[in-house]
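Please look over the sequence and the model below before reading on. The paragraphs that come after are meant to be read with the structure open beside them.

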There are 2 protein chains.
Amino acid sequence: MSSSAVAYARQNYPRFLNELKALLRIPSISTLPEHKGDCRHAAEVLAADLKKIGMENVRLIETGEERGGGHPLVYADWLHAAAKPTALFYGHYDVQPTDPEDEWLSPPFEPTERDGNLYGRGTCDDKGQVVAQVKALESLLAGNGALPINVRVLFEGEEEVGGEGIEAFVASKPPELKSDFALVSDTELFAPGLPTLCVGLRGMIYTELEVRGAKTDLHSGMYGGAAPNPFVSLAQILARLKDENGHILIPGFYDDIIPPSPEELAAWQSLPFDEEQYRINEVGSKQLVGEAGYSVLERTWARPTVDVHGIPGGFIGAGAKTVIPAKAVAKVSMRLVPGMTPAKAFAQYKSYVEKIAPAGVDVEIRLIHSGDPCLVRVDNPYIKAATTALHEVWGKDTVFIRSGGSIPIVGDFDRHLGIPSVMMGFGLPDDNIHAPNEKFHLKNFELGIESLIRFLEEAGR
Amino acid sequence: MSSSAVAYARQNYPRFLNELKALLRIPSISTLPEHKGDCRHAAEVLAADLKKIGMENVRLIETGEERGGGHPLVYADWLHAAAKPTALFYGHYDVQPTDPEDEWLSPPFEPTERDGNLYGRGTCDDKGQVVAQVKALESLLAGNGALPINVRVLFEGEEEVGGEGIEAFVASKPPELKSDFALVSDTELFAPGLPTLCVGLRGMIYTELEVRGAKTDLHSGMYGGAAPNPFVSLAQILARLKDENGHILIPGFYDDIIPPSPEELAAWQSLPFDEEQYRINEVGSKQLVGEAGYSVLERTWARPTVDVHGIPGGFIGAGAKTVIPAKAVAKVSMRLVPGMTPAKAFAQYKSYVEKIAPAGVDVEIRLIHSGDPCLVRVDNPYIKAATTALHEVWGKDTVFIRSGGSIPIVGDFDRHLGIPSVMMGFGLPDDNIHAPNEKFHLKNFELGIESLIRFLEEAGR
């Protein structure tokens, strides 16, 4: 597996790491309007680096003009490998918010090395993986003088807020996205040292469920017992979305699910996974929850869910305020699995909530964003090239897993461009993405770059 | 009903109103630490005025040293009416927070006259009524040269946060509180122009119910379906506190209730009250809620309640964050009625919640504050003096009502000082206390002062 590109990468890791740290210091939180400038800054830094390493046609593509301007896409290409396939590299430079701020052991935007890991917001999700892609390209261009296949790069800055901009761009089927497959680096290894390809993703709908009672906030002493309390009504609705065994109560919600094949279920059973260790080390709750009769992997990869993320409104300050708030809002999302569609799931949910809404209140349900679930066929040539490359770098056979998360762009690439995705990512299950103390294993940054180099070399054979 | 004091009051209303406005401009929000200085400022303004009008022994009494210092009490007395009874005047200078700020038509701390009302936070609850007390004393001292009975004044600044400071002071039975009855001005007329004495109050417990799941926030894609969601669990608990007909499900919660007498219930039925008008004008919801088989007045005066005021924790920003929060907290209060005690109600609630807590989460219930319910006997001589005075000023017989709210100090006066309270207040049911656009009817400020003057004159006969 010696290649000039790999040798180049090994010589340049310290600089690669410093460049990653510089990108991590930019607080590109896409959901917070005050960080809009930071998102653009991160895009500009990536574009400048792509240009510097020899990629061509580098530019920012503006998005979301109709909504007052979104975060830009970063585009680049290198198309001089005649008669070779074309890969579309995808990653995202935006990150999640950092609350609860006080639980971080080191500042979220000051990347810090501890115990072989790099801590900071975006280290794993997804700047560490984006930079691994760029540095693989740099190593190939600098070490070999050329890329083994044609490459287009498309990074986005709205992955954490629904990806509206990139979806619109991809849906327009622009000529600069004509490719044979996508390389998506936003997933994780199943276990440390175990090469992994993700071949299935859950979809999702993210909604706001608003309940309104009185026309204005009321004193709970004067009006308690006669005025509707939207928080109580909201709790009654939420409590009827799933039962205490985790079974979703929305009529028809499970009807269209395509279950995993017996072969896939058997492969999952042979994965190195211990539910009790997972409970203790990753979740840390006194017990796990969810649907009876399904393993944890089935529940998180192949079964739909309902989760509540927060309930804005009302009095949330310190101390006591005796108010019956006029309204309450719950942020509710549902993960969807192959066979389900966001449109049908949302319609079923909306119709059910309107039916069970308690007396005295009005309900309104807003769809914030959605994404299709997806499954990748494992017999395509790019998956085969990937498994060959991964075996060389990691010394082990690749495991095929799914992810419970949603990468809506994978569905968009399939639907609009007709190309499959190779989801090759190097996070670890305990990397705390979306949570305090997010990290990226430093060794995985290095082996990730090597894996990407070797994958392109295999794909170009 | 001509009296020199009433004549003095009528000549000085414009100045009285200006003095009230000056007090209203001080944002003495007791629950917010950043307004601690404002609370003291309000207390100092009241103390200075009490001194100026001729009250004696005026001073601030510090509270809450054990909790780092609370808001001070304001004390004053005038004890030169030999062989006459002694009244203990009570009111509070602290106010509720102002959120939601954007619903105020004029700034909460810039008192504004519109349509015969004075708008602003604290106009009705309770600065308008406190100032009415002070100006009644001023009118008697300046117009008659003396008070008709002995008077002690005790104003507090922690009514909206549980009244811990005044309760400790009253519980110590200090000699300066030795009195024959309390005059509490923190209630309302049943209807415009209808003289009203409040003779019953609900008690309350105000709690925080915390639910904890995973050890840290988790990604809802990766962990959804296996990790407990504290918001969902909290909703399941809240939904089981009362059923959809408003019946509280906590075992034993109704056992000790002393229902109103048939006479009291009959009197309530003759009050000018229309449930449909109340729904439209005061509540503004599409229908009223609550226990079947009880009128609105029974449900709000003589039945316990459960209300939820807000659910801090989780993601409450704009947009979407796909997190399973590690914990969720609900601010939950219950109103209690005669026969119930805060200690027993809290114990029943806590034990029930611990029993019904869903699998996978830990629950913790914290008592923030509490107050006893109370009933006043209507055959005491001070109630009789009050009804005589009110008839002279308002030209109508007094109606005896209860309030659904809690004034814990009334129970404290009874329990620790052994004195009854005359709850004579001049708010109106639509004064928006604890809500945006709080107001006080200007005519009620004037007639309130006259009523207090005449009441003291009657009590001194």
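What follows is a walk through a predicted model, beginning with the contact between the chains and ending with some points of backbone geometry.

The contact between the two chains draws 81 residues from chain A and 82 residues from chain B. On the side of chain A that touches chain B, at least two residues each are supplied by strand S10 (218-219), helix H5 (220-223), helix H6 (230-239), helix H9 (296-301), strand S11 (305-314), strand S12 (323-324), strand S13 (327-336) and strand S14 (362-371) of chain A. The largest share of that side, eight residues, comes from S11(A). Sorted by class, the side of chain A that touches chain B holds 35 nonpolar, 33 polar and 13 charged residues. Strand S11(A) also takes part in strand pairing across the two chains, for S11(A) and strand S11 (residues 305-314) of chain B pair in the antiparallel sense over three bridges. A point from which to follow this pairing is A:Gly314, which stands opposite B:Gly310 in S11(B).

From the contact between chains we can turn to the packing of helices within one chain. Two packed helices are described by the angle between their axes and the distance between the axes. In chain A, the axes of helix H2 (residues 36-53) and helix H3 (residues 123-144) come within 9 Å and cross at roughly 15°. Angles under 35 degrees count as roughly parallel, and H2(A) and H3(A) are therefore roughly parallel to each other. The crossing of these two helices, H2(A) and H3(A), is left-handed. On the side of H2(A), the contact is made by A:Leu46, A:Asp49, A:Leu50 and A:Ile53, which meet A:Val130, A:Val134, A:Leu137, A:Glu138 and A:Leu141 of H3(A). The residues of this contact between H2(A) and H3(A) divide into seven nonpolar, no polar and two charged.

Helix H1 (residues 4-24) of chain B and helix H13 (residues 442-459) of chain B have axes that come within 10 Å and cross at roughly 160°. That angle makes H1(B) roughly antiparallel to H13(B), since angles over 145 degrees are counted in that way. H1(B) passes H13(B) in a right-handed crossing. Here the contact is made by B:Ala5, B:Val6, B:Ala9 and B:Tyr13 of H1(B), together with B:Glu446, B:Ile449, B:Glu450 and B:Ile453 of H13(B). By class, the contact of H1(B) with H13(B) has six nonpolar, no polar and two charged residues.

Strands of a sheet pair through backbone hydrogen bonds, either parallel or antiparallel. This open sheet has three strands in the order S4-S5-S18 (chain B), with antiparallel pairing. Its edge strands are S4 and S18 of chain B, each of which pairs on one side only, and the twist averages 30° from one strand to the next. Strand S5 (residues 117-119) of chain B is joined to S18(B) by three bridges, and the two run antiparallel. Within this pairing, B:Tyr119 stands opposite B:Lys439 in S18(B). Helix H3 (residues 123-144) of chain B packs on the sheet, where it touches S5 and S18 of chain B, and its direction makes about 50° with that of S18(B). H13(B) likewise lies across S5 and S18 of chain B, running at about 60° to S18(B).

The last points concern the backbone. Most residues other than glycine have a negative phi, and most peptide bonds are trans. In chain A, a cis peptide bond joins A:Asp99 and A:Pro100, with omega about 0°, and A:Pro100 lies in the loop between strand S3 (86-92) and strand S4 (112-114) of chain A. In chain B, a cis peptide bond joins B:Asp99 and B:Pro100, again with omega about 0°, and B:Pro100 lies in the loop between strand S3 (86-92) and strand S4 (112-114) of chain B.

Definitions and conventions. Residues numbered from 1 in each chain as written. Chains lettered and ligands numbered in written order. Predicted model: local features only at pLDDT ≥ 70, side-chain atom pairs only at ≥ 80, totals over all residues. Helix = DSSP H or I, 4+ residues; strand = E, 2+ residues; numbered from the N terminus. Contact = placed C-beta atoms within 7 Å. Nonpolar A, V, L, I, M, F, W, Y, C, P; charged D, E, K, R; others polar. Pairing = 2+ DSSP bridges. Axes fitted to C-alpha atoms, helices over the stretch in contact; angles between N-to-C directions. Parallel < 35°, antiparallel > 145°, perpendicular 65-115°, else oblique. Left-handed = near helix turned anticlockwise from the far one by under 90°.
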